[in-house]
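Me: I have a model open here and would like to go through it with you. Could you take my questions as they come?

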Amino acid sequence: MPYLGGKEAVRELRRALSNPNIQSDPLRYRNVVLKVIRAMSQGVDVSELFSEMVKACATVDVVQKKLVYVFLCCYAHLNPELSLLVVNTLRKDCLDPNPMVRSLALRSMTNLRLPSLVEYVEQPLTAGLRDRAACVRRVAVLGWAKLHSLQPGSEIDASVVNELYSLLRDPDPVVMVNCLRALEEILKEEGGVVINKPITHHLLNRLKECDIWGQSEVLRVLQRYRPQSEDELFDILSLLDSSLVSPHPPIMAATLSLFLSLCSSLPAVSQAALERVRGPLLAACGSGSREMRFAALCHIQLLLRSIPGLLGEHYKRFFCSYAEPAFIKRRKMQVLVELVNDENVVMILDELKGYCTDVNDDTAQAAISAIGRIGRSYSDKSLEILTGLLGLKQDQITSAVVQTIRDLVWVCPQCSDTVSSALEGCEEVLQDCQGKQALLWLLGMYGERVSSAPYTLEVYIDGVRSETSLEMKMELLTSTMRLFLCRPAETQDMLGRLLHYCIEEEGDMCVRGQALLYYRLLHCGIEETRNVLQGQRSDPSMGVLIGRPAEPISQWVSSFNTLEPLKYCSVETEPASRGSPEHLASVLKPNTDLPDNLDCGQLQMVHSGSDSAGDRLNCSAGLMSPGAEPCVTLSLSPAVSPEEFERLWMQRHALHSGQEPADEDDNCLWTEETIRCTAVPHCSPQNLHAAMQLVNIQTIAFSPSHSLPWKVFLYTHTLRADTSSSTLILGELLYTGEAHQQCSADREVEVEVKEQMDATADGEKEIKVTLLQQPRDVSTLRAFLSVLTTVIHTLSSEMA
């Protein structure tokens, strides 16, 4: 046979199809038709053979009919007039005694996709709905959906819709599922198929008869139904109970999605359903299909957003194997980060350490980033691994480690001493721009602790003329300026050379503009320069106790069992940031649980018993009664860094070790109060963080939402209008839970919590508030307590 792509091959096929000798031999004729289909599948344009193939469909050979119909459906849109010749043959085949031929003819008629042939197709489809063979009814039902897609603006006869509804009770389960799909397509503008109580229970009772994808379709459609009573709800859940632990992941996922939809007002039932699917989800993670494993991991990440400890004891199931692809390894590492706790942190970190030297650079960088995220809660163990990786002296690993350390020290400033000692010699290994930028930022921030910092910067300054990266030059400028402020004698000369080059020789206007800014800033004085450049060394809104809050199931249930979890990472990952971390805007996610406004107009104070420190303060210091507070404005400026907060807060333990907190000490004032509310807003720390910021109260750190005792550290400045005086207020909110919590012996900070009843006679919860004010001003402290109480009461009322 000639070359497949040539016209000579098509001519030869045409001659063979027109040869009477070949037409008289059914086997040879079928082989020629098969050659046409083979050429079509290989990309050869055989549309010129349409008329010959139309003649070939007039045969009793079922195999040849199938081949010819495949050809006609492919090229019918190119030959609409000749396609009319096929309709008569197809209509005749619809009356064939063989049900396979009838179903084949119906499928081919609807697959021609020609609006001009609609009028010829309607009658055979209507007859097909009443055919005695189930395979014909299956095709006819879907044929009406295809017919509707050809003319979406037209209305299908109501009798057809009624007949499709009646076929929901067809004895064949495939016909029943096909009816659901067809009605969904036909009634799309009206909201899809109507699901009432009789249809719901009929579908549930026949669920086991359907195949895997049929059950998934039925369960998806049933999400629209809302039970009319609680008894009916639990009857439906009982019917679905076995499907919830099905070994088939599609059925399990569809059933869980239906469970969560039906139990939106029953959080305990929803949580029990999530716990029951642990086994099937873990089994799906070990599936032989890579696609199935990836989808299961993505959906596990969704579940962990609401129940962080759901799979904590099964963390080893998420260890990566050598042969797994990189995209599955990255997802598994993201899940491992979510499962870290005090018992398994060592094993997980050791496992991740092994991935850091993976042959795949993306996998290695993902492992290093995961270790950095774990370092937010376990900084010592993580930093030990990260600093050890620097000793490998490999470019890609060192770059990823330096970037991870830069992001970690921005969140956990207490790691700065360890980080500073580990930076020596990194500049000799780093080759990529992102790693160099991270190193420059660290040298600028903590250069006073790195002995070789000026010499490292001098190497980069000497090579600035050959540097092509705009970001590198700007980062080098900022780091050199910051190092000059703390080590001027060693840095002055190189800073002058860098500014001269950037102002006089640099062609990029961004670099030149930044250099001019720093040059003019230096003319204003060192103190002004220091106020501008030596700002915060860490994120003021985060601390070592911060944790991702447990989200309500309602926030992600709509995306469960869809493609959305596969497109977006449900766990907040942090890729290597570009440039300085303080330049990255921290945008809070919209919180649906947060009230639209906080009414602080009605100030109310709820006190603890008469023997509390608050009452002693009220009596001894002459604390004003509620409603008599002066006009006070809260402000977040100047900002208080976590290090400064810790230094001031620890004065309490240093000055009053082993004693009750003093009411006053020199110009400081310590007090303790108790705020009672109907619900403790610790289930969503981000909501509390956002609400506090609305009234200019900054949260420094807060515990993970699922931990007890639960703490929040905060600060604000009070500005009094009548005297123009200001005070700094540091605070701690403590909620111990419903029972006395014993702290483990290996914690760095030992918290002593007195036994107390959290629920009063009317079911209120108690939050202990400890405050430090400097300088002391009882009236403004009273006003701050009123605002804080109002915020907590507003949030707790929204949660109740």
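Me: Leaving aside neighbours within four places in sequence, which residues is Val46 in contact with?
Reply: This is a predicted model, and in it Val46 is in contact with Val10, Val36, Ala39, Met40, Phe71 and Tyr75, once its neighbours within four places in sequence are left aside.

Me: And what are the residues with the most contacts inside the largest nonpolar core?
Reply: Those are Val46, Phe71 and Phe318, in a core of 190 residues. Apart from that core lies another, of 28 residues, which includes Trp710, Ile729, Val778 and Leu788.

Me: Switching to strands, which ones pair with E7, and in what sense?
Reply: Strand E3 (residues 668–677) pairs with E7 in the antiparallel sense over nine bridges, with Leu669 standing opposite Gln773. Strand E6 (residues 726–735) also runs antiparallel to E7, joined by seven bridges, and there Glu732 has Thr770 as its bridge partner.

Me: Why call E7 largely enclosed?
Reply: Because eight of the 10 residues of E7 are buried, the strand is largely enclosed by the rest of the structure.

Me: Where does Asp777 lie, and is Asp777 buried or exposed?
Reply: Asp777 lies in the loop between strand E7 (765–774) and helix H36 (778–799). Its relative accessible area is 15%, so Asp777 counts as buried, the cut-off being under 20%.

Me: What does Asp777 touch, then?
Reply: Not counting residues up to four places away in sequence, Asp777 touches Arg720, Ser725 and Thr727, while its side chain makes a polar contact with the side chain of Ser779 at 2.9 Å.

Methods
Residues numbered from 1 in each chain as written. Predicted model: local features only at pLDDT ≥ 70, side-chain atom pairs only at ≥ 80, totals over all residues. Heavy atoms only, no water. Core = buried A, V, L, I, M, F, W, Y, C linked by side-chain atoms within 4.5 Å. Buried < 20%, exposed > 50% of the residue type's maximum accessible area, 1.4 Å probe, protein only. Contact = heavy atoms within 4.5 Å. Helix = DSSP H or I, 4+ residues; strand = E, 2+ residues; numbered from the N terminus. Polar contact = N/O pair within 3.5 Å; in protein donor to acceptor, adjacent residues only side chain to side chain. Pairing = 2+ DSSP bridges.
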